[in-house]
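Here is a short briefing on pockets, nonpolar cores and aromatic pairs. Please keep the structure open while reading.

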Amino acid sequence: MTRKRFHGLKRVKFRMTWNKYNLYNLTRLKQQHVDQKTYFQQKWAAKSASRAYHGEQIREGQWQRMFSSRLNAVVPMDHRYLAEFDGSEQATGRGSGRELSDQEKRAASLKPKHRTPYMQMTYAPIERRLDVAIFRALFASSARQARQFVTHGSVKVNGKKMPYPGYLLNPGDMFQVDPERVLFATGVPKTIEQVRRGRELRKARRIANARRNEKKKAIRERMLKAASAKIAAEKKAASTSSVSQIPNGSKRAVDDLETRKQRKIEIQGIIKIIDSMLTVGTNKKNSPKVEKLRPKRKQALRTLKKDLRIGMGRCGTLPIDELEKTFDDLQSRFGAVVGSNIVAFLPEHIKPKSEPKAEAEEGENKAEAKKTYIQTEEKPDFHKIKKEAKEKKHKETRELIRQSRENPIDESKPYATPWQPRPYMSAFAFIPRYLEVNHNICSAVYLRHPVARPSVAEVPTPFSPETMQLAFNWYLRRR
């Protein structure tokens with residue numbers, strides 16, 4: 001049995017999708033002919049056509065339970081008119097034979113009558129579904145794709161993962177979709193060659209990750225074997241030890257004690273240096289030449305100081321190997337946080353003093369430079385230098401902005417890069433009034449339930465009010 005075409009060109013069905021064949025079918029949409037059909041046939045044809053668009057992924061029985069004969073609508077009222085009149089003017093002249101003048105009749109006939117399209121709200125309950133709301137917010141190219149995003153765990157509602165596409169949104173609910181899924185749904189699909197290159201790249205990455213994991217596993221096994229061999233050797237040496245080996249053991253214990261004391265003193269010295277660096281900028285008497293620390297570096301220093309205190313307290317309890325390892329780790333962290341310019345952050349009383357010979361040479365160089373500057377009569381144009389620096393800065397800023405806006409080429413992505421919008425997307429790029437969408441973070445808020453207003457209904461549909469009325473009457477009969 002052959003599968004029916006989802007987008008047929010002969011037996012036309014209008015779908016909730018951005019497909020080009022669906023767009024072509026929408027351009028051929030016409031009012032159905034009712035001359036040779038009974039009323040039952042008219043209702044069935046209207047129901048069949050409209051249900052193919054509105055919630056075709058929903059079972060018919062499920063939709064019939066969702067259907068409601070109550071159609072939400074609002075009537076806008078002029079606040080100025082309500083403030084001026086109390087309603088009694090509507091009954092002026094009734095029963096007393098008052099007739100409207102020709103001018104009033106003409107004005108009443110020319111006044112536009114905005115009818116409220118109530119029948120366009122027939123499928124309003126479907127708009128509350130999560131998958132339909134994702135499609136309306138332009139996060140997916142079809143309702144079925146939006147349903148797939150939800151079931152695959154790429155959608156969150158109010159910060160929590162929601163795996164049910166039939167979840168009914170309430171006013172104020174916020175839903176988010178994974179940006180990578182949105183870029184895949186709304187971007188140009190890859191060509192066959194791009195798909196092949198992306199598959200090869202992902203395969204190479206998998207192989208590299210597998211080799212890296214194998215190396216880590218081999219190193220771990222080697223370390224476990226070495227540790228077990230060391231423990232076995234220690235046990236064997238302890239069992240075969242003699243009385244003559246006692247002095248060597250005591251000597252090793254004395255060396256370990258000295259090492260612990262030395263490490264404790266070195267940790268105390270590092271803590272003192274960190275305290276001096278943290279006090280820079282808090283004391284007003286500090287020299288203005290001292291460079292101040294940034295908040296992030298201060299926070300890193302405080303964390304390191306806390307770890308150093310913990311390590312100093314454990315100097316007497318940790319094994320000597322673990323103590324050396326901990327000390328090396330703390331020392332490397334201190335070097336990474338402070339960097340090579342540690343002298344710039346220290347106060348004057350801790351900074352190392354420069355040699356007098358170097359200071360004398362520096363003074364001579366300054367005097368020579370000053371003498372040379374005095375001899376040369378040409379003075380630099382500071383205005384020109386400042387202008388060139390400003391132009392250079394603006395040029396660099398523009399280049400950075402251009403690079404940030406430019407889409408990078410990444411073959412591992414499931415969509416074509418650099419990213420471009422999907423073809424035929426502009427015909428469907430509209431957002432209903434009941435949604436507030438932010439495409440920068442791929443999030444949207446369901447503001448309220450859709451309603452009907454004079455001359456406009458908030459449920460998007462390609463069908464005429466007459467078709468929707470027949471569909472409404474079909475389901476109204478079954479309630």
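F472 has a relative accessible area of 7%, so it counts as buried, the cut-off being under 20%. The model is predicted. F472 also belongs to a ring cluster, together with W63, F67, Y123 and Y475.

**Aromatic pairs**

- The whole structure holds ten aromatic pairs.
- F14 and F463 form an edge-to-face pair, because their planes stand at 75 degrees, with the ring centres 5.9 Å apart.
- This pair joins distant parts of the chain, 449 residues apart. F14 sits in the segment before α1 (20–27), and F463 in the loop between β7 (456–457) and α15.
- Both partners are buried: F14 has 9% relative accessibility, and F463 has a relative accessible area of 5%.
- F67 and F472 make a tilted pair, with 5.6 Å from centre to centre and 55 degrees between the planes.
- Here too the link spans distant parts of the chain, 405 residues apart. F67 lies in the loop between α3 and α4 (79–84), whereas F472 is in helix α15.
- F67 is buried, at 2% relative accessibility.

**Nonpolar cores**

- The largest nonpolar core has 30 residues. Those with the most contacts inside it are M16, W18, W63, M121, Y123, I126 and Y475.
- Helix α15 supplies the largest share, six residues.
- Leaving out residues up to four places away in sequence, Y475 touches K47, R51, E60, W63, Q64, F67 and Y123.
- Another core lies apart from the largest one. It has 23 residues, including A137, M162, V177 and Y434.

**Largest pocket**

- The largest pocket holds about 1,000 Å³ of space.
- It is lined by 25 residues, and K10, R11, V12, K13 and F14 are the closest to its centre.
- Helix α2 (residues 39–53) gives the most to this lining, with five residues.
- By class, the lining has eleven nonpolar, six polar and eight charged residues.

**Second largest pocket**

- About 350 Å³ of space lies in the second largest pocket.
- Its lining comprises 18 residues, of which T17, W18, N19, S141 and R422 are the closest to the centre.
- Helix α7 (residues 143–151) contributes the most to this lining, with three residues.
- Seven lining residues are nonpolar, six polar and five charged.

Methods:
Residues numbered from 1 in each chain as written. Predicted model: local features only at pLDDT ≥ 70, side-chain atom pairs only at ≥ 80, totals over all residues. Heavy atoms only, no water. 1 Å grid on protein atoms, 1.4 Å probe; cavity = no way out; pocket = protein on both sides within 12 Å on 5 of 7 lines; lining within 4 Å. Points joined across faces, edges and corners; volume = space filled by probe spheres on them. Helix = DSSP H or I, 4+ residues; strand = E, 2+ residues; numbered from the N terminus. Nonpolar A, V, L, I, M, F, W, Y, C, P; charged D, E, K, R; others polar. Core = buried A, V, L, I, M, F, W, Y, C linked by side-chain atoms within 4.5 Å. Buried < 20%, exposed > 50% of the residue type's maximum accessible area, 1.4 Å probe, protein only. Contact = heavy atoms within 4.5 Å. Phe/Tyr/Trp six-rings, centres within 6.5 Å; stacked < 30°, edge-to-face > 60°.
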